Every structure is written in C-alpha cells, then in structure tokens.
Amino acid sequence: MTTISTTTLPDGSSMPVFGLGTWGMGEARQEAGAEVAALRTGLDLGIRLIDTAEMYGSGGAEQVVEQAISGRRDQVYLVSKVLPSNAGRRQAMRSCEESLKRLGTNRLDLYLLHWRSSVPLEETIAAFDELKRAGKILRWGVSNFDVDDMEEVEAISPDCQTNQVLYNLTRRGIEYDLVGHCREHSMPIMAYSPIEQGALARNRVLDAMARDHRATPAQIALAWVLDKPGIVAIPKSRHPERVKENLGSLAIRLTDADRAGLDAAFQPPRRKQALEML
C-alpha cells in the first residue's frame with residue numbers, strides 16, 4: 001500500500017495530494033461495475049481522496065462512489081460539488097442532502113461550488129456555513145474561480161479551503177497569478193484533468209522523458225503537477241491497471257533538467273489569461 005503525502009488546508013486540516021476523479025463516471029449502467037472496481041482498486045492501494053459532483057452522470061457518479069466506499073467510508077476523504085443552477089441558500093442545502101443520499105453517507109469532507117452563477121455568493125456561502133454547523137459538510141471551497149472571484153469569496157468569508165481548477169502541462173494559465181494568490185492564502189489548488197483527458201499520455205516529448213525515468217508519459221504529466229507545492233492531482237480512470245499506473249507517478253522525482261525541458265516544450269504563461277474550463 002502506498003503512503004500518500006498530504007497538504008494543509010487553511011483550517012489546519014490535511015488533504016491527500018493525490019486522489020481519484022470521477023468525471024465521466026455514472027453515465028452508462030453497463031460500465032458501473034468497472035468504475036466501482038477501479039475506485040476500489042485505488043482504495044486498496046492506499047488512495048484516500050475521491051472527488052465527485054452532482055453534475056457527473058446527473059448523480060450517477062455519486063452512486064458509483066457509494067458502491068465503491070460501502071463499508072469503508074471512514075477511510076475516504078470525500079469531495080462533491082453543487083451545480084451553479086443549485087446555488088443559493090435553499091437550493092444548495094437541498095442539493096447537499098441529495099448528494100449525501102446518493103453517496104450513502106451523512107457527511108462530506110469537502111463541498112465545492114462547481115462554478116459561478118448569477119446567484120450572489122453570499123447566499124451559497126450562507127448555505128455552506130449552515131451545512132457545516134449541522135455537520136453535513138466538514139469544510140467548503142470553490143471550483144473554476146479566478147483571482148477576482150477568489151477575492152470576492154475572501155471578502156465574504158475566511159473559510160474557503162480550496163479552489164479546484166483545470167491544470168496540466170498544456171493548461172498553465174493559472175501560474176500567472178492564481179497559483180500565487182492561493183499560496184498567499186495557504187490554500188491548495190485541486191488540479192482536475194491533470195493528464196488533459198488522456199491527451200498527454202500520447203505526447204512525444206513526455207514519451208522521451210518517460211523512457212529516461214522508466215515511466216509512462218502519463219506518469220510524467222502527473223509527476224509534474226505533483227512536483228509543485230500545494231497542488232492536488234485527481235486523475236480519473238475506469239481501469240484498475242491505469243489507476244495503478246497513475247499512482248506510480250508519486251515515485252518519480254523530476255530533475256532540474258526535466259523541469260527546464262518541460263518548460264521549453266510547454267511554456268508557462270507570460271501574461272494574464274482567461275481561466276480555462278472543461
């Protein structure tokens with residue numbers, strides 16, 4: 001079993017730096033068994049963080065997670081998200097209750113607003129605060145928020161714990177300002193699609209570097225994300241063998257030459273860019 005290091009959230013609690021994503025799961029009944037098996041494999045290997053959302057499979061992914069964590073809920077750091085269409089005090093509280101039912105649990109370790117909507121942030125944060133007081137969520141955060149959005153959240157409440165955004169070698173725009181902003185607030189960033197939905201697993205630059213490390217291109221892409229402090233990677237896979245492969249990225253230690261080569265091939269941003277989303 002692999003020991004996975006943790007990062008510290010603003011409230012002083014810890015979160016694993018590597019987890020299991022579930023975007024795309026729960027969409028086809030015939031694939032549910034394989035998806036449950038992949039998640040269970042991850043748990044058996046020592047992965048403790050599972051990220052899901054009410055949007056994924058219209059609740060289907062949460063049901064897949066429920067099957068995977070049955071009998072071992074206390075081993076799991078469980079994250080879910082509320083849709084912007086369900087933002088607001090009453091709607092967010094109702095959505096959380098429905099997520100808890102689908103997940104078969106009485107609490108979430110972390111509950112995120114999936115992205116912004118026209119609903120005032122104060123209303124959704126009020127719902128999060130009430131859910132936290134009730135013990136239904138232990139902490140809350142946001143997803144797909146840029147620097148100006150984060151500043152608005154921080155003006156309302158000091159309790160935001162993380163920001164989950166798109167981040168990988170081909171999507172480095174957040175390095176210009178968002179990464180630094182979150183570090184100033186001791187707030188980890190959760191990187192979704194760290195392998196660019198599998199595209200980086202077929203990259204020639206990464207393939208050459210992977211041979212030097214006796215690794216795979218996907219492992220190099222993940223190692224690059226994990227090489228940075230305060231970043232959490234949550235790759236998704238339906239295949240147990242791929243889950244094992246992804247976990248192997250934790251053993252890779254990039255050199256300065258590796259980092260320079262990756263910067264040359266995937267250049268960091270030189271100006272502010274609009275926040276990218278998938």
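Tutor: Happy to! Helices are DSSP runs of H or I with at least four residues, strands are runs of E with at least two, and both are numbered from the N terminus. Serine 95 lies in helix 3, which covers residues 89-103. This is a predicted model, in which local features need pLDDT of at least 70 and side-chain atom pairs count only at pLDDT 80 or more, while totals for chains, interfaces and linings use all residues. Residues are numbered from 1 along each chain as its sequence is written, and side-chain values use heavy atoms, with hydrogens and water left out.

Let's start with serine 95. It counts as buried because its relative accessibility is 3%; buried means under 20% relative accessible area, exposed means over 50%, and partly exposed is in between (1.4 Å probe, protein chains only). The side chain of serine 95 makes a polar contact with the side chain of glutamate 54, at 3.3 Å. A polar contact is a pair of N or O atoms within 3.5 Å; within protein, one must be able to donate a hydrogen and the other to accept it, and residues adjacent in sequence count only if both atoms are side-chain atoms. Leaving aside residues up to four places away in sequence, serine 95 touches Glu54, Val82, Asn86 and Tyr111, where contact means heavy atoms within 4.5 Å.

Now for the cysteines. Cysteine 96 is buried, with a relative accessible area of 0%. Its sulfur is 16 Å from the closest cysteine sulfur, in cysteine 160, so the two are too far apart for a bond. A disulfide is a pair of cysteine sulfur atoms within 2.5 Å. Cysteine 160 also counts as buried, at 3% relative accessibility, and its own closest cysteine sulfur is in cysteine 182, 8.0 Å away, which is too far for a bond. By this rule, the count comes to zero disulfides.

You will find valine 119 in the loop between strand 6 (110-113) and helix 4 (121-133). With a relative accessible area of 23%, valine 119 is partly exposed.
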